[in-house]
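Welcome! Please take a moment with the sequence and the structure shown below before reading on.

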Amino acid sequence: MKTKDEARLKGRVAIVTGASRGIGRAIAVGLAREGASVVVNYVSKAAAAEEVVNDIRVDGGNAVAVHTDVGNLAQHEGLVAAALKRFGRIDILVNNAAITHRQPFLDATAGAWDETVSVNLKGVYFLSQAVARVMTEQRSGKIINISSVHDVRAMMNNSVYNITKAGLVMLTKSLALELAEKGIQVNCVSPGAILTDETRDRLADPEHRARVLAKIPSRRVGEPADVVGAVLLLASPESDYITGTTLYVDGGMLL
Ligand code: NAP
């Protein structure tokens, strides 16, 4: 962790959904390094979440792991209550957790639609509502939604995921519009191809990797750490006049 004087987020409290692995993990560690106390949310991998908490504590930071299924609205108050009980306030919500069921459109099922929309869109909407009620009392807050380049560029055989990510961009704008006067900024960070459990197997296939790399002007697949800088900016007071926007972190993929 940086010294107290250098830390940009000293005294802030953050919830990061899906922080047990991948991009969420890197974001949780990055926020903690800047002085924030972090609620490390997970749904299935408790040991991985505890490892993240341990890494943060070893680095001199504060963190706690909290189980919540973001797709289950009845569990949201428990996550908010756990953050308030442990750290007393909530300044930053990073809606990172998401799922994908790759299905060609002609084979797509209603079950996969419901599950994906519940986590990626409905869960984000109502968790943001629960947290924004706390932030409204505080008259300040930052909500950061982790979307994807697939919010504007369709991914083959993954229409439901694409649709939820496109929806997240309008969710971001709509919430930003209503919450701006309450001192709450809502923004999106949309990564390109990032090496995580979600993408590792496919990127291990040389042909697939070559196809992906051919689309990235920076000529490399991103690491979870590549996404952290954009989140730190949008979590810090430096971005108090930025709201409703989407920042692409994609090595130029959309160019
Ligand atoms: P990942 O490696 O698959 O990790 C998913 C994380 O979300 C895990 O921590 C998982 O928890 C959690 N999670 C899943 N369902 C959940 C639920 N219902 N409630 C709470 N937590 C849940 O994912 P990733 O690749 O890091 O992706 C993170 C975000 O970046 C997602 O929004 C994804 O759409 C976006 N993104 C990723 C890429 C990429 O190339 N990887 C590109 C663009 C955008 P457990 O560990 O407990 O299962």
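Predicted model: local features only at pLDDT ≥ 70, side-chain atom pairs only at ≥ 80, totals over all residues.

## The nonpolar cores

In soluble globular proteins, nonpolar side chains tend to be buried together. Here, the largest nonpolar core has 35 residues. Leu 31, Val 40, Val 94, Ile 144 and Val 189 are those with the most contacts inside this core.

Which residues does Val 40 touch, leaving aside its neighbours within four places in sequence? Its contacts are Val 16, Ala 19, Ser 20, Ala 28, Ala 49, Val 52, Val 53, Ile 56, Ala 63, Val 64, Ala 65 and Val 66.

## Helices H1 and H2

The axes of H1 and H2 come within 10 Å and cross at roughly 25°. Angles under 35 degrees count as roughly parallel, so H1 and H2 are roughly parallel to each other. The crossing of H1 past H2 is right-handed.

From H1, the residues Arg 25, Ala 28, Val 29 and Ala 32 meet Ala 48, Glu 51, Val 52, Asp 55 and Ile 56 in H2. This contact is built from six nonpolar and three charged residues, with no polar ones.

## Helices H3 and H4

A second pair is formed by helix H3 (residues 76-87) and helix H4 (residues 110-138), which pack at an angle of about 35° with their axes 10 Å apart. H3 passes H4 in a right-handed crossing. On the H3 side, the contact uses His 76, Glu 77, Leu 79, Val 80 and Leu 84. H4 brings Gly 123, Phe 126, Leu 127, Ala 130, Val 131 and Val 134. Sorted by class, there are eight nonpolar, two polar and one charged residues in the contact of H3 with H4.

Gly 123 and Val 70 are 53 residues apart in sequence, yet their C-alpha atoms are 5.2 Å apart in space. Beyond neighbours within four places in sequence, Gly 123 is in contact with Val 70, Leu 73, His 76, Val 117 and Ser 118.

Is Ala 36 buried or exposed? Ala 36 is found in the loop between H1 and E2, and its relative accessibility is 1%, so it counts as buried. With neighbours within four places in sequence set aside, Ala 36 is in contact with Leu 9, Arg 12, Leu 31 and Asn 62.

## Two residues with positive phi

Finally, have a look at the backbone. Most residues other than glycine have a negative phi, and most peptide bonds are trans. Asn 157, however, has a positive phi, near 60°. Asn 157 belongs to the loop between E5 and helix H5 (159-179), and its relative accessible area of 39% makes this residue partly exposed.

Arg 219 also has a positive phi near 60°. Arg 219 is located in the loop between helix H7 (206-214) and H8. With a relative accessible area of 55%, Arg 219 is exposed.

Conventions: Residues numbered from 1 in each chain as written. Heavy atoms only, no water. Core = buried A, V, L, I, M, F, W, Y, C linked by side-chain atoms within 4.5 Å. Buried < 20%, exposed > 50% of the residue type's maximum accessible area, 1.4 Å probe, protein only. Contact = heavy atoms within 4.5 Å. Axes fitted to C-alpha atoms, helices over the stretch in contact; angles between N-to-C directions. Helix = DSSP H or I, 4+ residues; strand = E, 2+ residues; numbered from the N terminus. Parallel < 35°, antiparallel > 145°, perpendicular 65-115°, else oblique. Left-handed = near helix turned anticlockwise from the far one by under 90°. Nonpolar A, V, L, I, M, F, W, Y, C, P; charged D, E, K, R; others polar.
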